[in-house]
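Trainee: I should like to understand the reasons behind the terms used for this model. May we go through them one at a time?

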Amino acid sequence: MSEQKSNTLKRICIVAGARPNFIKVAPLIRAIRSTEKAEYQLVYTGREDDPTLEGTLFDDLQIPHPDVFLGVDCQSLNELTGRVMGEFEKYLQTHATDVVIVVDDLASTMAAAIVTKKQGIRLAHLVAGTRSFDITMPKEINRLVIDGLSDLLFTAGISSVSNTNREGTDQSRVYMVGNVLIDNLRFNRNRWHRPAVMDELGLQEGRYVVFTLNRKVLLADEEKLRQMVEVISMRNSVPIVAVLRDEAKNVVSRLAPSHPRTPEEASLAFEIIPPQPYLDFGYLTAHAFGVITDSGNVAEEATFNGVPCITLNSYTEHIETVKQGTNVLVGENPERLAEAFDDMLAGRWKQSTVPERWDGRTAERILQILIKDN
């Protein structure tokens, strides 16, 4: 933070625990940098050399790199929670902070939230009120803890507000600010890059389907995943572009059919490509014929772009993408996936609208609330 600025400025600490968090806080950072009423530091709980943070990410988002890296990197969620708590406590003890804003529902997010409240500092949660109603999920526990501790709960839609109300949360703490992810889409829609891989694969806009897969629980059930991959790969009227990280790539490559079963199935058109830079991936999904994913963020982007989307999950954190948007939930059911994919390919898709407050001004609303908060 600048030492020349007045001590009356609102001092905001923004905590990110994984790559998707940076995408959600980027609009807020840009908003803070354009005001004289607040200043911020961006803290990343991971390492500076984290391989998931591609070199172009921060330039693509038009935000500076994190001010502080806590350097925590471990597989055990309990160990990660403890180490983040220890490192973040050191940070707060040496950096004057008025409010800490944490993102989503990671173990690192929960750890930072706990430490913040133990230090007597105001806590804000972005995106609050999301629920799966499955208490066996670690992320659901994280959500409940973080929302319970937060002084300010920033929700993306009315369903999230209803969740907090149902749980007895003081509604004076809850603000329906809208979907901050959409701020980025509106900001970057004229900055997307047409990926070089499209030319390499001979892809034409509107004539391919994007497939992404990240959930560990789905990757672990290889028999069910094999059936789902087969459903996707055998429908070859359009190319299937699978954007996969190494773990998912290894599993899908092993499970995908390697040879056609009949002469009619001679073109399986299942192309696996590595994760793309932010602006390239934005172009790829915005110009797709359809999307199949297990990512809530990708489904939200598809709704905004008006692209048909099938989500390989039984729930979504943002039900607006289903009720109003282009998203359809099929769970982990190959039969439901086949039915939805056939509908997509045949052009039998539902009408959709952009949900309320997906207007690109969410970060602006959040900042005003933070500045006024005491």
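Predicted model: local features only at pLDDT ≥ 70, side-chain atom pairs only at ≥ 80, totals over all residues.

Trainee: What makes the pairing of the side chains of serine 159 and glutamate 320 a polar contact?

Mentor: The two side chains come to 3.1 Å. A polar contact requires a pair of N or O atoms within 3.5 Å, one able to donate a hydrogen and the other to accept it. The pair is therefore listed as a polar contact.

Trainee: Why is aspartate 104 called buried, and why is arginine 357 called partly exposed?

Mentor: Buried means under 20% relative accessible area, exposed means over 50%, and partly exposed lies in between. Aspartate 104 has 15%, so it is buried. Arginine 357 has 35%, so it is partly exposed.

Trainee: Which peptide bond is cis?

Mentor: The bond from leucine 126 to valine 127 is cis, with omega near 10 degrees. Valine 127 lies in strand S5.

Trainee: How do you know that the length of helix H5 agrees with its number of residues?

Mentor: Helix H5 has 12 residues (138-149), which at 1.5 Å a residue should span 16 Å. The end C-alpha atoms are 17 Å apart, which agrees.

Trainee: Which residues of H5 are buried, and where around the axis do they lie?

Mentor: The buried residues are Glu140, Asn142, Arg143, Ile146 and Asp147. They cover an arc of only 155 degrees around the axis, and therefore lie on the same side of H5. What covers them includes strand S4 (99-103), helix H4 (107-118), strand S5 (122-128) and strand S6 (152-155).

Trainee: Which members of the largest nonpolar core touch the most other members?

Mentor: Of its 63 residues, these are Ile12, Ile14, Phe22, Ile101 and Phe154. Helix H1 (residues 19-33) gives the most to this core, with 8 residues. A second, separate core of 30 residues includes Ala248, Ile292, Ile310 and Ala340.

How values were computed. Residues numbered from 1 in each chain as written. Heavy atoms only, no water. Helix = DSSP H or I, 4+ residues; strand = E, 2+ residues; numbered from the N terminus. Expected span 1.5 Å × (residues − 1). Buried < 20%, exposed > 50% of the residue type's maximum accessible area, 1.4 Å probe, protein only. Arc of directions from axis to C-beta. Contact = heavy atoms within 4.5 Å. Core = buried A, V, L, I, M, F, W, Y, C linked by side-chain atoms within 4.5 Å.
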